[in-house]
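Dear colleague,

Please find the structure handed over to you below.

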Amino acid sequence: MKRQKARRALNLKADPAKCKRCRRCSEACPMSLPVDAMVWAGKLDQLECILCGSCADACPEKAIRFSFDVPEKKKTGYNDTVKEVS
Ligand code: SF4
Ligand code: SF4
């Protein structure tokens with residue numbers, strides 16, 4: 001499905017090494033996502049995630065943070081340089 005392949009610029013990143021497995025992130029998630037398991041897997045890209053930030057706020061170890069991916073410039077095949085003609 002195309003939507004599943006689309007990358008969101010704003011997303012969450014996890015640092016499993018900081019996680020103490022307290023599950024506060026999962027308890028705070030309004031979407032009832034298994035956030036702790038997602039952190040342990042190092043993958044927080046659930047489509048159901050509404051990016052509310054509650055899990056990051058609830059984590060005492062700061063193992064979850066927001067990240068902003070800047071997409072690569074789309075290659076057009078054209079030379080962007082504009083030459084002036086006299
Ligand atoms: S950002 Fe919100 S919806 Fe997404 S995993 Fe964290 S608590 Fe759940
Ligand atoms: S709240 Fe933080 S330390 Fe606790 S399980 Fe979630 S990511 Fe790990």
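**Conventions and confidence**

This is a predicted model, in which local features need pLDDT of at least 70 and side-chain atom pairs count only at pLDDT 80 or more, while totals for chains, interfaces and linings use all residues. Residues are numbered from 1 along each chain as its sequence is written, and chains are lettered from A and ligands numbered from 1 in the order in which they are written.

The term pLDDT stands for the predictor's confidence in each residue, from 0 to 100. The protein has an average pLDDT of 83, and 72% of the residues score at least 70. Confidence is lowest in helix H1 (residues 2–5), with a mean of 49, and highest in H2, at 98. Where pLDDT is low, the predicted coordinates should not be read in detail.

**The fold**

Four helices and two strands are found in the protein. Here helices (H or I, at least four residues) and strands (E, at least two) are DSSP runs, numbered from the N terminus. Read from that end, the order of the elements is α-β-α-α-α-β.

Two residues are in contact if their C-beta atoms, placed from the backbone, lie within 7 Å. Of the contacts with a separation of 6 or more, 64% are between residues 24 or more positions apart.

A residue is called buried if 20 or more other C-beta atoms lie within 10 Å of its own, exposed if 12 or fewer, and partly exposed in between, with C-beta atoms placed from the backbone. Of the 86 residues in the protein, 16% are buried.

**The nonpolar core**

In soluble globular proteins, nonpolar side chains tend to be buried together. A nonpolar core is a set of buried Ala, Val, Leu, Ile, Met, Phe, Trp, Tyr and Cys residues joined through C-beta atoms within 7 Å. The largest one in this protein has 13 residues, and Ala14, Cys25, Val39, Cys55 and Ile64 have the most contacts inside it. Two or more residues of this core come from each of strand S1 (10–14), helix H3 (35–41) and helix H4 (54–58). H3 gives the most, with three residues. Beyond four places in sequence, Ala14 touches Met38, Val39, Gly42, Leu44, Ala63 and Ile64.

**The two ligands**

A residue is near a molecule if its C-beta atom, placed from the backbone, lies within 6 Å of it. Ala, Val, Leu, Ile, Met, Phe, Trp, Tyr, Cys and Pro count as nonpolar, Asp, Glu, Lys and Arg as charged, and the others, Gly among them, as polar.

Around ligand 1 there are 14 residues, of which Cys29, Cys49, Cys52, Ser54 and Cys55 come nearest. This shell has twelve nonpolar, two polar and no charged residues.

Around ligand 2 there are 15 residues, and Cys19, Cys22, Cys25, Asp36 and Cys59 come nearest. Helix H2 (24–28) and H3 are the elements that give two or more residues to this shell, and the largest share, three residues, comes from H3. By class, the shell around ligand 2 has nine nonpolar, no polar and six charged residues.

**Single residues**

Cys29 is in the loop between H2 and H3. Cys29 counts as buried because it has 21 C-beta neighbours inside 10 Å. Cys29 and Cys55 are 26 residues apart along the chain, with 5.9 Å between their C-alpha atoms.

Pro30 is in the loop between H2 and H3. Is Pro30 buried or exposed? Pro30 is exposed, because it has 9 C-beta neighbours inside 10 Å. Beyond four places in sequence, Pro30 is in contact with Cys52 and Ser54.

Cys59 is in the loop between H4 and strand S2 (64–68). With 23 other C-beta atoms within 10 Å, Cys59 is buried. Leaving aside neighbours within four places in sequence, Cys59 is in contact with Arg24, Cys25 and Ile64.

Arg21 has a positive phi, near 60 degrees, and is a residue other than glycine. Ser32 is not a glycine either, and its phi is positive, at about 55 degrees. Ser32 is exposed, with 9 other C-beta atoms within 10 Å.

With kind regards
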